[in-house]
Amino acid sequence: AWNTAGAIAGALAADLVLVERLGLQPPYLVFAGVLLAGGAAALAAAAGARTRVQVGALAGAAAAALVLAPLWRPWDPVLATSGVHRYGLEWIHRVDSPLRLGAWLREQRELVFYREGTEAVVAVQAPRGSDRHFLSINGKTDAGSGALDVAQQRFVAHVPLLLHPAPKRALVVGWGSGASAASAALYPLESV
């Protein structure tokens with residue numbers, strides 16, 4: 001019961017309090033601190049330490065985690081939002097060492113916008129020396145200003161509406177820039 005209550009309280013605290021106030025990354029340190037504090041208290045108890053020492057170990061580890069959490073920034077926003085999960089195998093051949101991938105990406109692109117939310121990380125990047133922009137949600141590019149990107153976004157609406165004999169309504173579900181919904185709105189529909 002305590003484990004279940006802790007899991008529920010931790011999830012609620014992370015989503016409703018910590019991520020809202022600290023962003024996505026620092027809460028990891030907070031929870032690591034809680035686990036370290038619990039481990040320190042358990043070690044003190046196993047060693048036969050008095051209750052005051054156990055409580056002191058617990059409080060000290062928790063306080064250190066709370067103080068350090070706002071300062072902790074372990075990931076690089078350019079690398080985290082670049083789509084390395086999709087393009088990493090292609091990019092790895094362009095650098096001398098896999099450890100240099102983050103530096104290479106920072107040389108190739110500029111981070112125009114970056115925001116961490118409770119549901120998603122949204123970023124806009126632009127290749128250096130280009131007027132193109134890419135909108136990514138959680139590291140996956142969902143929209144871009146390049147000709148091929150825009151054509152794909154428009155086709156998502158045009159193809160089904162052209163194939164339907166008499167479309168009246170359209171539902172566009174997406175996280176992108178609105179190009180598909182704008183293309184659907186070109187048709188004489190009752191609602192989009």
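Start at A61, which sits in helix α3, spanning residues 51–68. Keep in mind that this is a predicted model. How accessible is A61? Its relative accessibility is 21%, so A61 counts as partly exposed. The cut-off for buried is under 20%.

Now look at what surrounds A61. Set aside the neighbours within four places in sequence. A61 is then in contact with G33, L36 and A37. A61 and L35 are 26 residues apart along the chain, and their C-alpha atoms are separated by 9.0 Å.

Next, turn to the aromatic rings. A pair of such rings is described by the distance of the centres and the angle of the planes. The count here is 2 aromatic pairs. One of them joins Y87 and W91, with 5.6 Å centre to centre and 35° between the planes. That pair is tilted. Both residues lie in helix α5, residues 84–91. They are 4 residues apart, about one turn of the helix.

Are Y87 and W91 buried or partly exposed? Y87 has 29% relative accessibility, so it counts as partly exposed. W91 has 6%, so it counts as buried.

W91 also pairs with W104. Their ring centres are 6.2 Å apart and their planes meet at 55°, so this pair is tilted. Here the pair links distant parts of the chain. W91 is in helix α5, while W104 is in helix α6, residues 101–108. The two are 13 residues apart. W104 is buried, as is W91.

Y87, W91 and W104 are linked by ring pairs into a cluster.

How values were computed. Residues numbered from 1 in each chain as written. Predicted model: local features only at pLDDT ≥ 70, side-chain atom pairs only at ≥ 80, totals over all residues. Heavy atoms only, no water. Buried < 20%, exposed > 50% of the residue type's maximum accessible area, 1.4 Å probe, protein only. Contact = heavy atoms within 4.5 Å. Phe/Tyr/Trp six-rings, centres within 6.5 Å; stacked < 30°, edge-to-face > 60°.
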